[in-house]
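Grab a pencil and work through these exercises with the model open beside you. Each task is followed by a solution in steps.

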Amino acid sequence: MQIISAVTEMRDAVERLGLGGRRIGFVPTMGFLHEGHLSLMRHARTRCDCLIASIFVNPTQFGPGEDLDRYPRDFERDSALCSEADVDIIFHPSAADIYPDRQAPSAAEIPFACGLCGVSRPGHFQGVVRIVTILFDIVRPQVAVFGQKDAQQARIIQQLQQDRGLAIEVLVAPTVREKDGLAMSSRNAYLAPREREQAVCLSEALDLARSAYAQGERSAETVKRMVGEHLAGPDTIAVDYVEIVDWRTFKPVADLDEWSLLALAAVVGRTRLIDNVNLSGVEWPGFSLRSSTA
Ligand code: AMP
């Protein structure tokens, strides 16, 4: 496994791979890897000849007062995990090398960014699109894998790929969860024991919603109320939003159907967590419902 920091060196490596006719698979991450990231790598591994993972805590997707400085980092451990996951190249650039003087995209250029996390985290998706665009340009992958855990981000990248006609297959892989259901996240490391215990309510609420759908409930209002009531119990949880959108448009819906995605964000203690569920379990385009297990 190679570790490359310099953008120029990464571009050279990619050019050599291209000349050799290698199919590049790419998994962008911010590091502090967990099983969720590793499952994306396994997902990509079976679809490429050369697997590149980036580890870069992207400053432009953090707002003022967010956790950029304290975001957990452990490059040694991440490298060992990437090596076990059969990654060929870790791309670990510096912010100075990534952002010499490039322009940020304007909000208007970004599809599906105005609702949900786009409201609570203004500028976040501009930062995401900015970094993903730069990384795609450097890494030039044929396939890139994103997690359903960040559903809005994944959908935005899918749509960008379509809008810009990028020759990249954008795949969305399922959310990997802890044994009790909590979605894995690098930010779970912030949770105090009591917050960690109560955080399970997020995935419990999604399970309630999915069961209601399976039993025939089709009112978005009713399901959102049910989820809100479940999250209102624990004293460390403050709901940011509970919304049900159509996966294709990311617009809120009143009546549920096979395109309905329930997404929520909540602050547990001081840690903002997100989670979501595909209510019907129907496999959407580019979407996989099965995790790539070890
Ligand atoms: P991050 O390092 O948090 O920026 O995440 C990098 C990639 O891993 C994104 O595509 C995330 O959606 C994905 N990811 C994060 N957590 C999980 C999880 N629990 N299951 C599956 N994918 C995840």
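A charge sits over a ring if NZ of Lys or CZ of Arg is within 6 Å of the ring centre and within 35 degrees of the ring normal. Before you start: the model is predicted, so local features need pLDDT of at least 70 and side-chain atom pairs count only at pLDDT 80 or more, while totals for chains, interfaces and linings use all residues. Residues are numbered from 1 along each chain as its sequence is written, and side-chain values use heavy atoms, with hydrogens and water left out.

**Exercise 1. Find the rings that the charged ends of Arg-70 and Arg-218 sit over.**

Step 1: go to Arg-70, whose charged end is over the ring of Tyr-190, 4.1 Å from the ring's centre.

**Exercise 2. Classify the aromatic pair of Phe-56 and Tyr-99.**

Step 1: recall the rule. Rings of Phe, Tyr and Trp (its six-membered ring) pair if their centres lie within 6.5 Å; planes under 30 degrees apart are stacked, over 60 edge-to-face, and the rest tilted. The count by this rule is ten aromatic pairs.
Step 2: apply it. Phe-56 and Tyr-99 are 6.4 Å apart centre to centre with 50 degrees between the planes, a tilted pair.
Step 3: Phe-56 is in the loop between strand E3 (50-55) and helix H3 (75-84), and Tyr-99 in the loop between helix H4 (95-98) and helix H5 (117-120), so the pair ties together parts 43 residues apart in sequence. Helices (H or I, at least four residues) and strands (E, at least two) are DSSP runs, numbered from the N terminus.
Step 4: check burial (buried is under 20% relative accessible area, exposed over 50%, partly exposed in between, with a 1.4 Å probe and protein chains only). Phe-56 is buried at 7%, and Tyr-99 is buried at 15%.

**Exercise 3. Now do Phe-62 and Tyr-71.**

Step 1: the ring centres of Phe-62 and Tyr-71 are 5.8 Å apart and the planes are at 80 degrees, so this pair is edge-to-face.
Step 2: Phe-62 is buried, with a relative accessible area of 11%, and Tyr-71 is buried too, at 7%.

**Exercise 4. Which residues do ring pairs link into a cluster?**

Step 1: look for Phe-112, Trp-247 and Phe-250 among the members.
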